[in-house]
Amino acid sequence: MNPATTLQSAPARTAPAATEAVLTVAHVSKAFGSNQVLRDFSLSLNQGENLVVLGKSGSGKSVLIKCIIGLLPVDAGRITVLGQDVASLDHAALDQLRAKVGFLFQSNALYDSMTVRENLLFPLRRHWLTHRAGEENELVGGALEDVGLAHTADMMPAELSGGMRKRIALARTLILRPQIILYDEPTTGLDPVTAREIDQLILQVQQKYNTSALIISHDMNCVRLTANRVALLVEGRCYAEGSYAELEQRDDPAIHEFFA
Ligand SMILES: Nc1ncnc2c1ncn2[C@@H]1O[C@H](COP(=O)(O)OP(=O)(O)OP(=O)(O)O)[C@@H](O)[C@H]1O
């Protein structure tokens with residue numbers, strides 16, 4: 001089933017009007033021993049926008065995401081998510097913040113021994129968001145409808161294709177109604193047709209829920225189709241930022257090689 005048939009009208013690629021930052025990374029540095037991965041890296045994600053961070057393999061994109069969600073401490077600089085300084089949060093506060101920030105893992109991280117329904121209920125229970133059975137069914141049904149897979153609630157992950165697993169993982173993120181979604185290489189490992197369906201879904205989620213998204217990708221079709229803005233991570237720094245079209249036209253060879 002094509003998700004484009006379930007949520008009507010694919011959104012236009014126009015940048016949202018609001019410019020309030022929901023996430024800021026200010027002058028962040030992070031090293032592992034002598035491997036300086038992030039160097040004075042700065043970036044901000046605005047309300048309602050899809051911002052893609054583009055970087056070569058090993059450039060530090062995953063490290064950046066881990067710093068944002070507080071899984072890795074930064075050496076210097078400051079990360080603020082929804083107005084909260086991540087480094088200052090204790091375990092409980094970080095957990096509460098993570099309920100507002102959806103994270104779509106590259107691996108999808110579904111529990112293979114649980115049905116789709118149980119996978120979707122897991123984050124609600126994990127964050128102590130208890131509901132009556134009827135409400136739970138409604139939430140699961142709604143999240144599955146959002147991703148075009150309403151019929152899969154009783155299926156096991158092993159029965160699903162790679163694209164379907166990705167969409168179920170997104171539904172599990174959506175069930176908490178996150179204000180920000182972090183997508184880690186959402187189209188990696190998918191065939192081109194399925195990858196474009198996931199791109200459409202990312203756009204549809206942005207339009208329907210007005211979520212802000214930080215998307216890590218090196219799939220240039222995904223970047224072109226989903227990004228309102230693109231930031232290039234080169235040698236640990238935010239080397240350049242702009243729309244896909246703006247960056248594509250730059251003469252700078254360090255930028256051009258991404259678009260070649
Ligand atoms: N926990 C860690 N301990 C030591 N080094 C690490 C750790 N995590 C990441 N690194 C190093 O940080 C650098 C950046 O890794 P990262 O996984 O962020 O790259 P990436 O841009 O996400 O790459 P890819 O696109 O291939 O996934 C690499 O040199 C990696 O070896």
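These legends accompany several views of one predicted model.

**View 1. The whole chain and its elements.** Residues are numbered from 1 along each chain as its sequence is written. Because the model is predicted, local features need pLDDT of at least 70 and side-chain atom pairs count only at pLDDT 80 or more, whereas totals for chains, interfaces and linings use all residues. The chain holds nine helices and ten strands, these being DSSP runs numbered from the N terminus (helices H or I, at least four residues; strands E, at least two).

**View 2. Dimensions and burial.** Taken along the principal axes, the box filled by the C-alpha atoms of the chain is roughly 55 × 40 × 35 Å. Of the 260 residues, 39% count as buried, that is, with 20 or more other C-beta atoms, placed from the backbone, within 10 Å of their own.

**View 3. Helices α5 and α6.** Helix α5 (residues 162–174) packs against helix α6 (residues 192–209) at an angle of about 15 degrees, with the axes 10 Å apart; axes are lines fitted to C-alpha atoms over the stretch in contact, and angles run from 0 to 180 degrees between N-to-C directions. The two helices, α5 and α6, are therefore roughly parallel to each other, a term for angles under 35 degrees.

**View 4. Residues between α5 and α6.** From α5, Gly162, Gly163, Lys166, Arg167, Leu170 and Leu174 meet Thr194, Glu197, Ile198, Leu201 and Val205 of α6, where contact requires C-beta atoms, placed from the backbone, within 7 Å. The residues of this contact of α5 with α6 comprise five nonpolar, three polar and three charged, with Gly counted among the polar ones.

How values were computed: A residue is buried if 20 or more other C-beta atoms lie within 10 Å of its own, exposed if 12 or fewer, and partly exposed in between; C-beta atoms are placed from the backbone. Angles under 35 degrees count as roughly parallel, over 145 as roughly antiparallel, 65 to 115 as roughly perpendicular and the rest as oblique. Two residues are in contact if their C-beta atoms, placed from the backbone, lie within 7 Å.
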